[in-house]
Amino acid sequence: MKVDAVFEGGGIKGLAFLGAIERLEEAGYEWERTAGTSAGSIMAALLAAGFTAKETKQLFLQFPYERIEYRTGICRVPYVGRWASLAFYNGIYNLCTLEDWLTTELRKKGKLTFGDLPKDKLKIVVADITQNRMVVFPDDLPSYGVDPLRFPIARAVRMSSSIPFFFRPLSLAGNVMVDGAILSNYPIWLFDREGAPRWPTFGFRLPSKKRVEEEPTKVRGPLQLAIAVVRTMMDGHDNRYIDVHSAARTIFIKDIEVGLTQFNLSLEEKEKLVQLGRESADRFLTKWNFEKYIKLYRPVRKTII
């Protein structure tokens with residue numbers, strides 16, 4: 001069966017998606033349209049480009065996560081480097097490693113721009129903090145005077161993944177773009193339309209068991225305070241409530257015990273996240289029934305003349 005997929009943002013915790021999508025593909029599901037925010041946009045982009053779950057898993061496990069927090073240029077200056085990087089670039093680390101890697105992989109499938117994909121195949125959520133609004137790529141690109149068919153997918157993913165203060169943001173037509181998670185970390189609604197859907201939309205969420213850090217964040221000045229606020233905001237979303245309609249089609253990958261920026265995980269820890277995703281998808285599939293879902297939440301309304 002065809003299925004649309006929407007992936008929540010969650011930094012390194014997004015590795016858990018790998019096990020979930022692998023299990024769904026084994027169950028016979030095929031990805032029709034995909035969407036995501038932040039780390040979820042990476043997963044959505046790869047699936048939209050035609051990568052299988054097994055291929056995606058191999059790519060993610062081989063990705064050089066240690067380079068994410070690698071300091072370059074002015075940021076390497078002792079004591080004042082991070083301050084200077086914030087002052088000049090509005091962020092500490094450069095996310096070009098992610099963009100370059102994703103560009104290389106997408107080129108293998110011949111899917112570098114949104115124009116290389118079928119219409120509405122991929123949606124990526126970004127936050128425009130200049131105009132104070134949520135942006136969905138490629139739909140909203142024309143409002144910035146940008147041709148959506150020529151816009152690079154990897155650039156959109158980089159914008160959606162740029163955690164404020166942590167990563168240097170990019171601009172689009174003079175507007176600063178940052179991590180879409182600050183406005184819509186779980187855009188499960190993106191593919192919803194009136195009436196009964198022809199195929200389901202599955203959401204993938206990453207509720208944390210608890211906020212985990214190797215040690216409490218030490219707040220010693222405005223820089224540490226700003227980073228701590230953003231980390232708490234993005235890693236501490238209130239997961240106690242989700243409407244029943246969304247919950248019915250959501251795969252909750254629970255008991256994750258790592259923080260979203262904890263990039264230095266061992267291979268064993270990464271594989272544990274993958275296994276959590278697989279087990280969560282398996283539990284979801286034992287209860288999922290598309291016909292029952294439509295009857296309860298998306299009934300066909302008859303028009304009375």
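**A pocket, a cavity and a helix pair**

Author: The residues lining the second largest pocket are 9 nonpolar, 3 polar and 4 charged. Nonpolar here covers Ala, Val, Leu, Ile, Met, Phe, Trp, Tyr, Cys and Pro; charged covers Asp, Glu, Lys and Arg; the others, Gly among them, are polar. This is a predicted model, with local features needing pLDDT of at least 70 and side-chain atom pairs 80 or more, while totals for chains, interfaces and linings use all residues. Numbering starts from 1 along each chain as its sequence is written, and side-chain values use heavy atoms, without hydrogens or water.

The second largest pocket has a volume of about 380 Å³. Of its 16 lining residues, Ala-247, Ala-248, Thr-250, Phe-284 and Lys-287 are closest to the centre. Helix H8 (244-248), strand S10 (250-252), helix H9 (267-287) and helix H10 (290-297) each give two or more residues to this lining. (Helices, H or I with at least four residues, and strands, E with at least two, are DSSP runs numbered from the N terminus.)

The whole structure also holds 2 cavities of 30 Å³ or more. On a 1 Å grid over the protein atoms alone, a 1.4 Å probe fits in a cavity but cannot get out; a pocket is an open set with protein on both sides within 12 Å along at least five of seven lines; lining residues have an atom within 4 Å of a point. Points join across faces, edges and corners, and probe spheres set on them fill the volume.

The largest cavity has about 310 Å³ of space. It has 25 lining residues, and Gly-11, Ile-12, Ala-39, Ile-42 and Phe-263 are the closest to its centre. H2 and helix H5 (96-108) give two or more residues to the lining. By class, that lining has 17 nonpolar, 7 polar and 1 charged residues.

Now follow Ile-42. In H2, Ser-41, Ile-42 and Ala-45 meet Ile-153, Val-157 and Ser-160 in H6 (contact means heavy atoms within 4.5 Å). These contact residues are 4 nonpolar, 2 polar and no charged. The axes of H2 (residues 39-48) and H6 (residues 153-160) come within 8 Å and cross at roughly 160 degrees. Axes are lines fitted to C-alpha atoms, for helices over the stretch in contact, with angles from 0 to 180 degrees between N-to-C directions. H2 and H6 are therefore roughly antiparallel (under 35 degrees is roughly parallel, over 145 roughly antiparallel, 65 to 115 roughly perpendicular, the rest oblique).

Last, the loops. Ser-38 sits between strand S2 (30-37) and H2. Its phi is positive, about 55 degrees, although it is not a glycine. Pro-138 lies in the loop between strand S5 (133-137) and H6. A cis peptide bond joins Phe-137 to Pro-138, with omega about 5 degrees.
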